[in-house]
Amino acid sequence: MMFLRPRALATALLPIATLAALAVPAAASAPTAAAAPTPSITVTPTYGAVNGGTAVAKTNVPCPETATSFRFMIDGPNVSSSPFGSSRFGTPLPADRVPDTSVVGQRPLFPASRPPVNGASYLLTAECLDADLAITTLATTTVKVNENVWTTLRPTVYALPSKIGSLRLALVAYTGFASGEQVTGVVRAADGTTTAVSLQPQGTTPQGNGAALLQIPASVADGSYTLVITGSTSKATGEVAVTLETTRVWW
């Protein structure tokens with residue numbers, strides 16, 4: 001039985017854009033009646049340097065009628081209840097009642113005196129305050145820190161197949177990275193050790209999506225692993241479980 005070399009196999013496969021469409025599950029049909037939006041926070045930009053990176057935050061829904069002011073608070077390892085872009089005692093709500101730190105301009109997400117912990121996740125919370133400073137939590141979002149970059153991006157990774165055979169080849173699709181950034185990948189074993197893998201091509205579209213041919217080194221033993229894809233500029237990561245099984249001849 002003749003096997004194609006990885007480079008030859010890559011050229012014989014369907015176009016990468018088509019593979020991405022096949023690998024990513026189709027979105028569910030939109031409901032016929034418009035539903036009320038789920039409260040959320042948008043941080044602009046979606047990533048920045050821990051040291052010197054600035055941003056603004058805004059919710060997609062207004063505070064209740066009883067509220068007179070708002071504040072954004074960030075919590076996590078080494079950063080306890082730190083205000084971001086607003087006063088700890090509340091910033092007056094604008095006319096539309098939507099919390100928005102752009103009224104004070106771009107600000108560092110983390111206080112310089114309490115830097116975040118690399119690899120940790122933080123919770124950014126939008127709160128509404130009334131005249132008596134009673135607090136109503138409006139929305140939350142997660143901020144992750146990786147390689148001294150914070151990000152609110154939450155990429156998703158798909159592998160086809162997820163059980164990879166003797167050729168150590170698979171197709172991967174990924175969504176949710178920064179626009180046009182390059183990506184790199186590793187497989188992580190249960191003990192935390194990682195091995196670099198090859199992804200071709202390596203880039204994303206202007207929408208932050210992409211697909212690539214994955215080649216895992218033949219030296220990686222059979223077993224269960226986590227494939228981790230990382231954006232080169234955003235440092236955002238997406239993961240998917242994969243199994244290596246040499247007895248599978250195909251891929």
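Author: Let us begin with handedness, keeping in mind that this is a predicted model. The torsion about the S-S bond of Cys 63 and Cys 128 is about -85°, and the disulfide is therefore left-handed. Cys 63 lies in the loop between β3 and β4 (69–76), while Cys 128 belongs to strand β8 (residues 121–129), so the pair ties together parts that are 65 residues apart in sequence.

Reader: What is a disulfide in general, and how far apart are the sulfur atoms of Cys 63 and Cys 128?

Author: In general, a disulfide is a covalent bond that links the sulfur atoms of two cysteines. Here the sulfur atoms of Cys 63 and Cys 128 are 2.0 Å apart, and the structure holds one disulfide.

Reader: Are Cys 63 and Cys 128 buried or exposed?

Author: The cut-off to apply is that a residue counts as buried when its relative accessible area is under 20%. Cys 63, with a relative accessibility of 3%, is therefore buried, and Cys 128 is buried as well, with a relative accessible area of 1%.

Reader: Turning to the sheet, in what order do the three strands lie, and which are the edge strands?

Author: The three strands form an open sheet in the order β1-β3-β7, with antiparallel pairing. Its edge strands are β1 (41–44) and β7 (107–108), each of which pairs on one side only.

Reader: How many bridges join β1 to strand β3, and which residue is the bridge partner of Ile 41?

Author: Strand β3 (residues 54–59) runs antiparallel to β1 and is joined to β1 by four bridges; within β3, Thr 59 is the bridge partner of Ile 41.

Technical notes. Residues are numbered from 1 along each chain as its sequence is written. This is a predicted model: local features need pLDDT of at least 70, side-chain atom pairs count only at pLDDT 80 or more; totals for chains, interfaces and linings use all residues. Side-chain values use heavy atoms; hydrogens and water are left out. Two strands pair if DSSP finds at least two bridges between them. Helices (H or I, at least four residues) and strands (E, at least two) are DSSP runs, numbered from the N terminus. A disulfide is a pair of cysteine sulfur atoms within 2.5 Å. Buried means under 20% relative accessible area, exposed over 50%, partly exposed in between (1.4 Å probe, protein chains only).
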